[in-house]
Amino acid sequence: MSTLSSIPILDSVVSCRAWRNKAFDEKKSVGFVPTMGALHAGHLSLVRRSLAENDLTVVSIFVNPAQFAPHEDLRTYPRTLPQDLERLETQRVTVANVERTPSAVFLPAVPDMYPSGINQDVSLQKGAFVEITGYSHRMEGASRPTFFRGVATVVTKLFNIVQPTNAYFGQKDIQQALLLRRMCRDLFFAYPAADRVHIVPTERDPVDGLALSSRNVYLSADERPFAVALYRALQAAESAWIQGATKQECIAMALAVVEHSKTQAAAKGVDMKLDYIEINDSETFEILNDGEHKQSESLGKGPVILSGAVWMGKTRLIDNIVIGDHTSRV
Ligand SMILES: Nc1ncnc2c1ncn2[C@@H]1O[C@H](COP(=O)(O)OP(=O)(O)OP(=O)(O)O)[C@@H](O)[C@H]1O
Ligand SMILES: CC(C)(CO)[C@@H](O)C(=O)[O-]
Ligand code: BAL
């Protein structure tokens with residue numbers, strides 16, 4: 001155990017297991033917040049939720065090479081460990097007159113997490129990997145075909161090491177959270193059980209509503225004002241949906257908002273490119289048919305996900321709005 005901060009740092013799988021065994025002995029519940037660091041208020045809202053609901057809270061910081069395709073930004077991904085530790089130290093929640101603060105930070109090294117080694121090229125990978133098939137090819141999976149394999153694999157490892165009672169993920173990465181819930185259900189995880197995988201609402205910039213994201217630091221001052229166009233487009237589609245528009249009409253509304261911002265951005269020399277905007281079923285992630293609109297909820301079909309991704313120059317941002325109650329699922 002290292003002591004770079006007032007919060008104990010567990011810098012190996014062995015030390016994390018020992019920490020967890022002690023918590024088992026003491027019959028303490030453990031909340032877990034997996035992150036890749038560069039912590040912002042979105043991460044901290046997950047931490048506070050865990051503090052409120054568990055005796056102990058552990059946060060992992062691990063930039064997972066397996067979820068980055070070879071052409072993606074693994075090398076430049078923001079790494080801000082000293083600030084991350086400072087931010088975690090400020091988090092506290094009082095429960096029954098007892099103040100809770102984060103109990104430990106798990107900071108494993110890449111060789112510790114990948115004992116057989118790790119190559120970002122899937123065709124060269126060796127060892128055990130986890131795939132959630134049939135549900136990973138739409139939305140983010142369509143644009144990042146190896147992403148969920150990398151996420152499911154590292155989160156399986158993290159869950160096996162930390163063995164959390166509860167785990168917390170952000171709605172910003174809604175498909176990731178729902179797929180991980182499905183993984184826990186399909187593979188009979190006990191720590192956490194599928195219904196202990198919690199989805200926490202997206203924290204947004206208080207001024208314009210941009211979803212907080214570690215990658216926002218890549219945005220230049222010129223790009224930043226246009227980055228919220230995706231959220232505005234999703235909001236436009238949402239209100240059309242609520243008024244009973246067809247799926248195609250909702251998408252058309254959203255595309256018009258993006259087009260408008262794109263033209264304004266281009267006038268300022270900012271390059272903006274839409275990756276996708278879609279409306280998908282929250283269970284299967286299949287794209288909704290044009291005929292399926294808001295009546296799908298009253299027919300008992302449950303919530304739908306309005307989501308998208310946009311490139312602002314070299315930065316890829318995602319966002320979503322869930323229509324209906326996704327917390328009732330799984
Ligand atoms: N704005 C946010 N509100 C709530 N949770 C969030 C937000 N942003 C990220 N999270 C959640 O924090 C956890 C860790 O995410 P991660 O460390 O990848 O940060 P990130 O901001 O999503 O980074 P990136 O820019 O790489 O997508 C995930 O469960 C993610 O969904
Ligand atoms: C869940 C996660 C920590 C796995 O590396 C990552 O995908 C993230 O931060 O969202
Ligand atoms: N929050 C998702 C992590 C990633 O984009 O790699």
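Which residues surround ligand 2? The legends below begin with that site.

**View 1. The residues around ligand 2 in a predicted model.** Ligand 2 is surrounded by Pro34, Thr35, Met36, Asn64, Gln67, Val151, Val154, Val155, Asp173 and Gln176; a residue is counted here if its C-beta atom, placed from the backbone, lies within 6 Å of the molecule. Strand E2 (30-35) and helix H6 (147-162) are the elements that give two or more residues to this shell. Helices (H or I, at least four residues) and strands (E, at least two) are DSSP runs, numbered from the N terminus. H6 provides the largest share, three residues.

**View 2. Residue classes in the shell around ligand 2.** The shell holds five nonpolar, four polar and one charged residue. Ala, Val, Leu, Ile, Met, Phe, Trp, Tyr, Cys and Pro count as nonpolar, Asp, Glu, Lys and Arg as charged, and the others, Gly among them, as polar.

**View 3. Domain 1 and domain 2 of the protein chain.** Domain 1 covers 9-200 and domain 2 covers 214-328, with bounds from an automatic or database domain assignment. Their centres, taken over C-alpha atoms, are 26 Å apart. Domain 1 gives 15 residues to the contact and domain 2 gives 20 (two residues are in contact if their C-beta atoms, placed from the backbone, lie within 7 Å).

**View 4. The side of domain 1 that touches domain 2.** Helix H5 (140-143) and helix H7 (174-186) are the elements that give two or more residues to this side. H7 gives the most, with three residues. By class, this side has eight nonpolar, four polar and three charged residues.

**Notes.** Residues are numbered from 1 along each chain as its sequence is written, chains are lettered from A and ligands numbered from 1 in the order in which they are written. In this predicted model, local features need pLDDT of at least 70 and side-chain atom pairs count only at pLDDT 80 or more, while totals for chains, interfaces and linings use all residues.
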